[in-house]
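Let's take a walk through a protein model together.

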Amino acid sequence: MAVTHDVPPRLDDLVATAHRIREAIESVIEGKSDVVRLTLTVLLAEGHLLIEDVPGVGKTMLAKALARSIDCPVRRVQFTPDLLPSDITGVSAYNQQTREFEFKPGPVFANIVVGDEINRASPKTQSALLECMEEHQVTVDGVTYQLDAPFMVIATQNPIEMEGTYPLPEAQRDRFTARIAMGYPEPAAELEMLDVHGSASPIDKLEPVATTAEVKALIEAVRAIYVSQSIKRYAIDLVTATRHSPDLRLGASPRSTLQLVRAARAHAALAGRDYVIPDDLQALSLPVLAHRLLPSVEAQGQRRLPEQVITDLVRRVPVPEAQAR
Amino acid sequence: MRLPIAAGVATGAVALTLYPLFQAGAWFWASLGAILVVTSVGMLATRYTLPNWLAPLAQLFAFWIYLTAVFTGDEAWARVVPTKESLVGLLRLVAAGFADIQRFAVPVPDNAGIVLLTCGGVGLIAIMVDFCSARLRRSALAGLPLLSLFVVPASFLGDPLSWPTVVIGALGFLGLLVADGQERVSHWGRAVLVRRTPSFIAPRPAADTGTLRLSGKRVGVTAVALAILLPSLLPTLEPDPLFGFGVGDGNGRGGNSISIPNPIVNLRGELSLPGNSTVLTYTTSDNLPRYLRLYSLDNFDGEQWTMPETKGRPDDLISDAPLPPPPGQGQSVPTSQVSLEVTVSEEVRNMNFLPLPYPASRVRIEGDWRPDRDTLMVFSTRDTAEGLTYQVVSNEPRPTAENLKTAGAIPQAIQQRYLTLPDNLPREILDKAGEVTEAGATPYEKAVKLQEFFTTTGGFSYTLATQGHDGPALSDFVLRSRAGYCEQFAAAMAVLARAVDIPSRVAIGYTGGTSVSGRWNVRTHDSHAWPELYFEGAGWLRFEPTPSGPAGQGTATRPPYTFPEVTTGGDDEPTAQPSAGPTGSDTPTGAANNRRNPLLDQEFGGTPITVDEGMPTAAKIGIGAVVVVLLLLVPAMLRWEQRARRRRVYSRPAVVVGSAGEGPGGGPGVVAVRSNRGEAGVAAAWAELDDALCDYGMSRQPSESPRALARRLSEQYEFSPEAAASMAKLAEAVERMLFARTPGETGSLREDVRRVRRALAATVSRGRRIRAVLLPPSTLLRARALGTRMLDGFDRLENIRIGRPARRNA
């Protein structure tokens, strides 16, 4: 069988660029290389990231650092209960001089949009953002405006705060490629943070290490990463297992399968591989799938979190095997 | 309700095995009716929950009415209600039945008496089975009455029961057990409800007995299959391997009188039996072997040789008197007296003719044994010879060639009886007889020529594969195929002898056997047939046309007088037999000519007979142990072979055809062809690694990717850097093979596999390593997987349902 040998363009360059971005971000966020790596993975997979953690662990810092290290427009939206959808998408305003309505683009017209505390906004506003995330376009007054590529939303939400918040419903959580928790830093990392952040914020000193064009090229390269049929089947097996698990009330959607494979491509590319292996899927199944699942009543009673269920499933679903005797 | 039916079906199934005991089927319908009556009453008893003790009584009563109606309806009131006369009639019939059973050999005719007895027996057993299973709820116990029914044909028939009847009987019993189990299990899982559950909420779930039923069926079917298969694999368990007297002559005759065996039919069966058991042992006063004759067949009907009507007179009891004088033996021919002590094996069944040397003059034996005056066969209608020891004195004629050449005229009676040939005997046979004996002047010389024809000049060969002994088969044997066994040789020579006017008959018995530490040991394979020819003065003399030795009938020997030149020339010629000549008994066994043991040298041509001394126990144990060890080593050998095969595959460097390689050098659009050889090598190496892990008892999760496995092994077992690198290389190779666009070049993986194997082996104990080589778990697991697949197939068969609606457990 002859297949077209489509060597991804500049895999080595990709790895190098990605490495630069990672180093840049890690100079700001100490001791969180996994989180940084996942953030990059989501970026390269053209997805969106939901960071969920308690306040003050550097959620916004991570988003800002990523945005800063890529030389691209970054907008930050602080979500509040009184935020309106037009505050996100933009608004048509009447220009008295030209006597015409003029579109004033909202903060969503950027390559990276940081939505801080997204669960504080009203559902209406939330869904306005989520529409942009899914369609990569904004429609105001019947006119559709395309968003630039790359377009990535990094939303943060605070799980502890309950009052005056509107937690994202399942359907909207499903739009995010991955959800991560920052977690508290290690004592050593925290100490270093005190040293570094004591005088001035290092993010101010952060210089862009990659251009938008470079990131676009990276994304193109990731799209060319090879996914074998057996890997696709394995991804489907994993996702199907969540749908059949008695511990889960809601399994993962077909969209999640798509995003899982996309993220796995990026994960493989970051590792310098031009093909996806089961390990990529296994590593990503937790951040990509967990936030989409709802535990069953029994699992809730036993305090089994979806994360545990996924870990069990990954341990159970067999990987594609070599057929040899 | 289910149990009484199952009990009836089981009884009916087992009763089917009685079929070969009868000539006709009347008994079957009568018995079937009896079973139906008993079963119907049993069903009623279950339906109306009669007390357990009452049901069999009711069944007995109904059964009695049934018997009355069927057998003595004329004497009963309204053909049904038993009267005194009808009861007397039944008893009379029973008595007649008993008498008939004593009188007839199987297959018996179905007289009213016999049918009544059978029907009565089957009916009583049906009642007992019903009582055990449906009343006492001990279905396994019901096997006992069934077994007693089953034993009847098994013990009366000489032939093994045909396996379909056994299967039918066993399935009937299994059906009973299954019905009992279902009855029992269907009561499971029914809670005693305090509150009534409304029936519309949900149907009450029946206890899930699927797996239980499945395993039950598995056990049952396996047991039946083993019961059928095992005896066929172990020849010694075949019922009655020695004698098939009684029935089995296959021609349906001889049923209504005292059964007369057809010895010819038994012969080939015994010769071709896989087991070679000892029939009897004997010692002789001169320590030389003797042929032992059981029967003499003198009537040739054109198809086969049959036995004459034996006549044993009450005053001829051999315990009281010597045997009658041998016919035709006169003073002119010297005789020598030999005595034998014969012990018949305990395992022999139904031996009611004594194996004796011919001519026996005196037999000392317990029991009612009588000789037949003409043939000197000794038989009994009451006793059998198994386990008996008896002494025989025999006055053997030791004729010289001269004696025989000058033998006198044959008496008229002998001529009439022993020269008869059927009119339809093919002309070619008579011509052949004349042609063969052309050179012989006297009857004796003609007889010698005939024997030579069969043994040397005729080009005959010995084979047990021949079938039949009828007319066409005879001419085919003599004129064309010239291949057969003792039966054909003996029959053919006897026919040819009659054709040239020598009185002849066929003797059936045993050759002299082999000597085991001083005793002559006669086994089933020594069964033999030979012709006896009559010479006035010498009487009946044995001839031996059958080839002997390994390529023939092993222990057959030719009598000395059938070599005229030898007996006339002297008694210690090199080819002389030790028993040769009139002075054969004083053959100088320690003579200066260093001959082999004369006992081993009896055969024509001097090929020594291998004496089967029986293997010493130690050797048997040794051989058994070796066989067991070899069997145990089978997995190891399979594993070794597989490893070698895989090694060959992965040792070849993979050739990646047309691969443009990875990285900067390769541009898009370059066509790569996947290398099948390279893939096979990687797959083989990986499979080998997988099996090595299994052999060393290291687990591997199915969800563990190659890379994860490599990492875990290297960390867990603290691989050396080289081993870890090899492991990683293997993992990457298999990863590329499975998931990458091009598998890439791997080179030979031989060294890597070896290194990883070593590293793994170093982490386990020595015992584990030895076990990995001798009893590799990977091969055993594969065998188990195969077994599981077979069981799965069985389950699929099991789950085929033939349009039966689901049973509701309401």
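**Strands side by side**

In chain B of this predicted model, strand 2 (residues 292–297) of chain B pairs with strand 12 of chain B in the antiparallel sense, and five bridges link them. To find a spot where you can see this pairing, look for Arg293(B), which stands opposite Gly509(B) in strand 12 of chain B.

Strand 12 of chain B has another partner to look at. It is joined to strand 15 (residues 527–535) of chain B by seven bridges, and these two strands also run antiparallel.

Is strand 12 of chain B mostly covered or mostly uncovered? Strand 12, made of residues 504–510 of chain B, is mostly covered, with seven of its seven residues buried.

**A pair of helices**

Now turn to helix 2 (residues 26–47) of chain B and helix 5 (residues 112–135) of chain B. Their axes lie 8 Å apart, and the helices pack at an angle of about 25°. Angles under 35 degrees count as roughly parallel, so helix 2 of chain B and helix 5 of chain B are roughly parallel to each other. Their crossing is right-handed.

Which residues meet where these helices touch? On the helix 2 side of chain B they include Trp27(B), Ala30(B), Ile35(B) and Gly42(B), and on the helix 5 side of chain B they include Val115(B), Cys119(B), Ile127(B) and Asp130(B). Sorted by class, the contact between helix 2 of chain B and helix 5 of chain B has 12 nonpolar, five polar and one charged residues.

Terms used: Residues are numbered from 1 along each chain as its sequence is written. Chains are lettered from A and ligands numbered from 1 in the order in which they are written. This is a predicted model: local features need pLDDT of at least 70, side-chain atom pairs count only at pLDDT 80 or more; totals for chains, interfaces and linings use all residues. A residue is buried if 20 or more other C-beta atoms lie within 10 Å of its own, exposed if 12 or fewer, and partly exposed in between; C-beta atoms are placed from the backbone. Helices (H or I, at least four residues) and strands (E, at least two) are DSSP runs, numbered from the N terminus. Two strands pair if DSSP finds at least two bridges between them. Axes are lines fitted to C-alpha atoms, for helices over the stretch in contact, and angles run from 0 to 180 degrees between N-to-C directions. Angles under 35 degrees count as roughly parallel, over 145 as roughly antiparallel, 65 to 115 as roughly perpendicular and the rest as oblique. A crossing is left-handed if the near helix is turned anticlockwise from the far one by less than a right angle, and right-handed if clockwise. Two residues are in contact if their C-beta atoms, placed from the backbone, lie within 7 Å. Ala, Val, Leu, Ile, Met, Phe, Trp, Tyr, Cys and Pro count as nonpolar, Asp, Glu, Lys and Arg as charged, and the others, Gly among them, as polar.
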